[in-house]
Amino acid sequence: TALLFYLAERSGSGTLSVATRRHRKKLYLIDGSLAGISSDNPRDLLGHFLIGWGMISEAQLSEAMRIQDQHGSTVGQILVQMGAVDPAELAKALQAQAEEAVLDLFQQPLNDVWFHEDSLPADRPLTLRLALPALVIEGVRRRQRYEEIWRALGGLDVIPEAVPTPAMPPLSSRERYILFEIDGTRDAEEVALV
């Protein structure tokens, strides 16, 4: 958290490499803004987002990946060339993909963090310019909400169980009247006083 604020404040450029228990992500920063990401987590891949949002089919993604293997362009560029996705929609998906990949880091312990100043990949387009402070604030908010849910459930290994709805006693005629008269402008107590 503090490192991202620091890098944003001093307009850092380079690669922030972050390892979690299962995955490694790289955040590419240019002048203190998030310019792109890479991840070995399949959930962070662009194709996952595009299929999940219903923007492309699995067949279109497979075709784009086949073309990528042959010609080496990015999956996003290939999907645009195929006419499978609009360039403006692709830009939105790339932004959402990057944001979620960063926000995911706030949900788990980090094992290894390195910043390689002025080291950026030459083989990938770094077209995003996302504000790091806004991402950090959202990440902290999500982590706090995650912890609240964890405490309320008593852990994340809890499996919710369906329970039968308790039988409600029938409403009296006065209770039915009050319920009928509640219209969103008055609360139940105000209606009951009438």
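1. Start with β3: seven of its seven residues are buried, so the strand is largely enclosed by the rest of the structure. Buried here is under 20% relative accessible area, exposed is over 50%, and partly exposed lies in between (1.4 Å probe, protein chains only). Strands (E, at least two residues) and helices (H or I, at least four) are DSSP runs, numbered from the N terminus.

2. A word on the source: this is a predicted model, where local features need pLDDT of at least 70 and side-chain atom pairs count only at pLDDT 80 or more, while totals for chains, interfaces and linings use all residues. Residues are numbered from 1 along each chain as its sequence is written, and side-chain values use heavy atoms, with hydrogens and water left out.

3. Now the sheet. Five strands make an open sheet, in the order β4-β1-β2-β3-β5, with antiparallel pairing. The edges belong to β4 (110-117) and β5 (130-131); each has a single partner strand, so one side of each is left without a neighbour in the sheet. Two strands count as paired if DSSP finds at least two bridges between them.

4. On one flank, β3 pairs with β5 in the antiparallel sense over two bridges, and Leu34 stands opposite Leu130 in β5. Helix α5 packs on the sheet and touches β2 (24-30), β3 and β5, its direction making about 80° with that of β3. Contact means heavy atoms within 4.5 Å; axes are lines fitted to C-alpha atoms, for helices over the stretch in contact, and angles run from 0 to 180 degrees between N-to-C directions.

5. On to β2 and β3, which pair in the antiparallel sense over six bridges. Ser39 in β3 is the bridge partner of Lys25. The hairpin of these two strands has two residues between them, and Asp31 takes a positive phi near 50° there. As for burial, β2 is mostly covered, with five of its seven residues buried.

6. β1 (residues 14-20) also pairs with β2 in the antiparallel sense over six bridges. Gly14 has Leu29 in β2 as its bridge partner, and the β1 and β2 hairpin has three residues between the strands.

7. The largest pocket has a volume of about 830 Å³. Its lining comes to 30 residues, with Leu46, Thr74, Leu94, Gln97 and Arg124 nearest the centre. The elements giving two or more residues to this lining are β3 (33-39), α2 (46-52), α3 (58-71), α4 (75-82) and α5 (87-104); β3 gives the most, with five. By class, the lining has 14 nonpolar, 13 polar and three charged residues. For the terms, a pocket is an open set of points on a 1 Å grid over the protein atoms alone, where a 1.4 Å probe fits, with protein on both sides within 12 Å along at least five of seven lines; lining residues have an atom within 4 Å of a point. Volume is the space filled by probe spheres set on the points. Asp, Glu, Lys and Arg count as charged, Ala, Val, Leu, Ile, Met, Phe, Trp, Tyr, Cys and Pro as nonpolar, and the others, Gly among them, as polar.

8. The second largest pocket has a volume of about 310 Å³. Its lining includes Arg21, Arg22, His23, Arg43 and Asp104, and divides into one nonpolar, five polar and four charged residues.

9. Lastly, His48, which sits in helix α2. His48 is partly exposed, at a relative accessible area of 44%. Leaving aside neighbours within four places in sequence, His48 is in contact with Pro42 and Arg43.
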